[in-house]
Amino acid sequence: MDPSTTLSLTVTFAVLAAAVTHATWNAIAHGIRDQTLAFALIGMGGVATSIPLVIVAALPRSSAWPYLLASVGIHVFYNLLLMQCYRLGEFSQVYPLARGVSPLVVTILAAVFVHEHLASYQLAGVVVVSAGLAFLVFAGRRPGLGAFLAAVGTGLTIAAYTAVDGVGVRLSASPVGYIGWLILLQSLCVPLFAMVRRRNVLLKQPRRILLSGLAAGALSVLAYGLVLWAQTRGALAPIAALRETSVIFGAIIGTLVFREPFGRARITATVLVVAGIVLLNMA
């Protein structure tokens, strides 16, 4: 087995922390009914958090910028699809589906473009994690066609930016600088649109909504920053699969906050995901 495909305990915990943080900011976004407003506030929070990183950290190497700019474009498309997901479907439907598509696609992209080849039990781990996430969707009420297509499209964009950033951050020689510039550039689009087209709505929001949206933006920077740091120290496919355990944490949040029943389907999915994590981290 290629030793570069193994994950240290530190990397594993960092990615799991990113999963919790990611589920939290997505739950905040889902809880704000006006999705354009929600993602505008998240973008503002991302901009505010990334500016200090850009100032303090070294500029990424020139070889990393094509990947960084490509990722910015993919992230903008990802945010548009994610907004559509939350407009069309329930959190417990579209979130697991969008996240479950990603690990399998990342595994293929990493093998083709980065030449990362996993051991058979690690491949099994990726499949088991994805199966657990998919089970959450198809064991319950089925999402509508529009929500299903938006969620699958979101999953494909997640896989695309994961693979692109996995290469870019390694070339950057400045992971913090890469994270800062990426978040700064991709976070500007929705807030600029909202300020031009919906400024009155934005300014009239209660302080609670404004602060929660900005906090979600800061959490999104932390979540993806941890993942990008991990990608400099481990293989893309197992990290992608570990990150998608955010779905399980999302299910817990859905139960505690949105009063969605946990039920047998989520228990089964949790067992599958845990089994997949064990396989991914076997040495």
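Author: Contact, a term needed from the start, means heavy atoms within 4.5 Å. In the protein chain, residues 24 or more positions apart account for 88% of the contacts with a separation of 6 or more. This is a predicted model, in which local features need pLDDT of at least 70 and side-chain atom pairs count only at pLDDT 80 or more, while totals for chains, interfaces and linings use all residues. Residues are numbered from 1 along each chain as its sequence is written, and side-chain values use heavy atoms, with hydrogens and water left out.

Reader: How do you know which parts of the protein chain have the lowest and the highest confidence?
Author: The guide is pLDDT, the predictor's confidence in each residue, from 0 to 100. The protein chain averages 82, and 90% of the residues score at least 70. Confidence is lowest in helix 9 (residues 199–203), with a mean of 70, and highest in helix 7 (residues 175–187), at 92. Where pLDDT is low, the predicted coordinates should not be read in detail.

Reader: What makes up the secondary structure of the protein chain?
Author: Helices (H or I, at least four residues) and strands (E, at least two) are DSSP runs, numbered from the N terminus. By that rule the protein chain has 13 helices and zero strands.

Reader: How does the radius of gyration of the protein chain agree with that of a compact globule?
Author: The radius of gyration is taken over C-alpha atoms, and the globule rule is 2.2 Å times the number of residues to the power 0.38. For 283 residues a compact globule would have a value near 19 Å, and because the protein chain has 18 Å, the two agree. Along its principal axes, the C-alpha trace spans about 55 × 50 × 30 Å.

Reader: Why is Q231 counted as buried?
Author: Buried means under 20% relative accessible area, exposed means over 50%, and partly exposed is in between (1.4 Å probe, protein chains only). Q231 has 1% relative accessibility, and therefore counts as buried. This residue is found in helix 10 (residues 207–231), and, not counting residues up to four places away in sequence, Q231 touches T162, D165, G166, V169, R170, L236 and I239.

Reader: What makes helix 11 mostly covered?
Author: In helix 11 (residues 236–243), eight of its eight residues are buried, among them L236 and I239. Across the protein chain, 52% of the 283 residues count as buried.

Reader: Why is G73 called partly exposed, whereas Y86 counts as buried?
Author: G73 has a relative accessible area of 42%, so the term for G73 is partly exposed. Y86 has a relative accessibility of 7%, and therefore counts as buried. G73 lies in helix 3 (residues 65–88), and Y86 also has its place in helix 3. The C-alpha atoms of G73 and Y161, 88 residues apart along the chain, are separated by 9.1 Å, while those of Y86 and V196, 110 residues apart along the chain, are separated by 23 Å.

Reader: Why does A173 count as exposed, and where is A173 found?
Author: The relative accessibility of A173 is 53%, so A173 counts as exposed. A173 is found in the loop between helix 6 (145–172) and helix 7, and has a positive phi of about 60 degrees although A173 is not a glycine.
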